[in-house]
Amino acid sequence: PNKDAIAMLERAVGMDPTYAPAWAALGLRYYFDSVYSSGGEAMYQRSNTALERAVALDPNLIFAAGQLIVNRVERGELVKAYGDAKTLVERHPENAAAHFALSYVLRYGGADEESAHECETALSLDPGSFGLRSCAIPFEQLGNFSRAFDFIQLDAGSVWSSNNMVRYYLREGKLAQAREANPKPGTDRSSEMMTACLDSPSSASTAALVREYAAWVGTSPDPEMRYTLAPNVLFCGQRDLAFGLLRSAIVTGHYCGYDGLRNDPLFASLRGRPEFNQLLSAAKQCKSDFLSQTSHAAR
């Protein structure tokens with residue numbers, strides 16, 4: 001009940017506006033409402049404000065600083081986020097949240113080897129933390145799906161984990177396991193669409209559902225969401241819509257998913273097509289630009 005938590009935390013900061021941990025917790029809950037519910041851009045901005053307040057009150061509140069970096073990354077502020085994350089790790093090398101924040105920036109910039117290394121460091125410092133679950137993504141980009149599985153399992157039982165397990169099994173061609181892993185229809189948009197695609201892939205109603213899903217994914221301000229969910233749309237037979245999501249993520253959103261385009265078997269049906277080669281070139285340039293910019297920023 002995230003909205004109930006928001007109301008309680010708003011009361012808490014109203015009672016003591018100098019209590020940094022309450023502002024940090026509120027910033028996270030606003031973020032959840034923006035990304036996973038109906039809060040949209042307004043709640044995203046509130047999240048930034050609350051997290052900035054927390055860091056201003058307590059510059060050593062690493063969780064708040066790390067979440068603020070995550071927020072900025074998802075809106076494309078990679079160079080600034082990278083500088084903040086590097087500083088955070090240098091000041092707190094013993095903290096898992098700091099290393100996770102740096103890994104987050106690196107994976108959006110296409111530096112997947114470096115991102116995976118930061119994820120391994122974070123996990124060694126905080127074994128079993130479900131908050132590290134999305135570290136599965138750089139390992140998927142690199143083609144190390146067994147290690148990606150380990151990170152997905154950090155949050156086993158959640159809808160997020162189940163949805164990612166569906167793609168894990170699709171990569172192996174294990175449709176029965178994918179169907180079993182898929183959350184019950186109605187749990188979220190992804191589970192409803194994947195049920196239809198697995199059970200009735202050629203029906204008109206399934207095609208309509210996929211178009212609706214792709215349109216919804218396309219409205220996300222987070223380019224990684226558009227990138228990682230494109231394979232769902234591709235599996236459901238809508239190649240042009242999948243291309244549209246990938247183009248939006250890479251070209252418009254500057255998500256540098258170069259390694260994943262080369263390594264992920266879910267993109268196998270696209271490889272060799274001229275439009276895919278164009279995306280591959282754009283992703284490679286995106287990664288090169290990120291590495292160049294962050295190299296200059298580090299000097």
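# Pockets, a cavity and buried residues

Modeller: Helix 2 (residues 20-36) gives six residues to the lining of the largest pocket, the most of any element, where a helix is a DSSP run of H or I with at least four residues, and elements are numbered from the N terminus. This is a predicted model, in which local features need pLDDT of at least 70 and side-chain atom pairs count only at pLDDT 80 or more, while totals for chains, interfaces and linings use all residues. Residues are numbered from 1 along each chain as its sequence is written, and side-chain values use heavy atoms, with hydrogens and water left out.

Colleague: What makes a space a pocket and not a cavity?

Modeller: On a 1 Å grid over the protein atoms alone, a pocket is an open set of points with protein on both sides within 12 Å along at least five of seven lines, whereas a cavity is a set where a 1.4 Å probe fits but cannot get out; a residue counts as lining if it has an atom within 4 Å of a point. The largest pocket holds about 1,700 Å³, a volume being the space filled by probe spheres set on the points, which are joined across faces, edges and corners. Its lining has 49 residues, and Tyr31, Val35, Tyr36, Arg133 and Trp160 are those nearest the centre.

Colleague: How many residues of each class does the lining of the largest pocket have?

Modeller: There are 22 nonpolar, 15 polar and twelve charged residues, where Ala, Val, Leu, Ile, Met, Phe, Trp, Tyr, Cys and Pro are nonpolar, Asp, Glu, Lys and Arg are charged, and the others, Gly among them, are polar.

Colleague: How many cavities of 30 Å³ or more does the rule count, and what lines the largest cavity?

Modeller: The count comes to one cavity of 30 Å³ or more, and about 90 Å³ of space lies in the largest cavity. Its lining residues include Glu140, Arg167, Arg171, Tyr227 and Asp264, while helix 8 (136-142), helix 10 (159-171) and helix 14 (223-235) each supply at least two residues.

Colleague: Why is glutamate 140 called buried?

Modeller: Its relative accessibility is 8%, and glutamate 140 therefore counts as buried. Glutamate 140 lies in helix 8 and, not counting residues up to four places away in sequence, touches Phe145, Ala148, Ile152, Asn164 and Arg171. Glutamate 140 and aspartate 259 are 119 residues apart in sequence, yet their C-alpha atoms are 8.9 Å apart in space.

Colleague: How do you know what span helix 1 (residues 2-15) should have, and what makes its end-to-end distance agree with that?

Modeller: The expected span is 1.5 Å times one less than the number of residues. For the 14 residues of helix 1 this should be 20 Å, and the end C-alpha atoms are 20 Å apart, which agrees.

Colleague: Which residues of helix 1 are buried, and where do they lie around the axis?

Modeller: Asn2, Ala5, Ile6, Leu9 and Val13 are buried in helix 1. They cover an arc of only 100° around the axis, and so lie on the same side of helix 1, the arc being that of the directions from the helix axis to the C-beta atoms. Met8, Arg11, Gly14 and Met15 are exposed on the other side of helix 1, whereas its buried residues pack against helix 2.

Methods
Buried < 20%, exposed > 50% of the residue type's maximum accessible area, 1.4 Å probe, protein only. Contact = heavy atoms within 4.5 Å.
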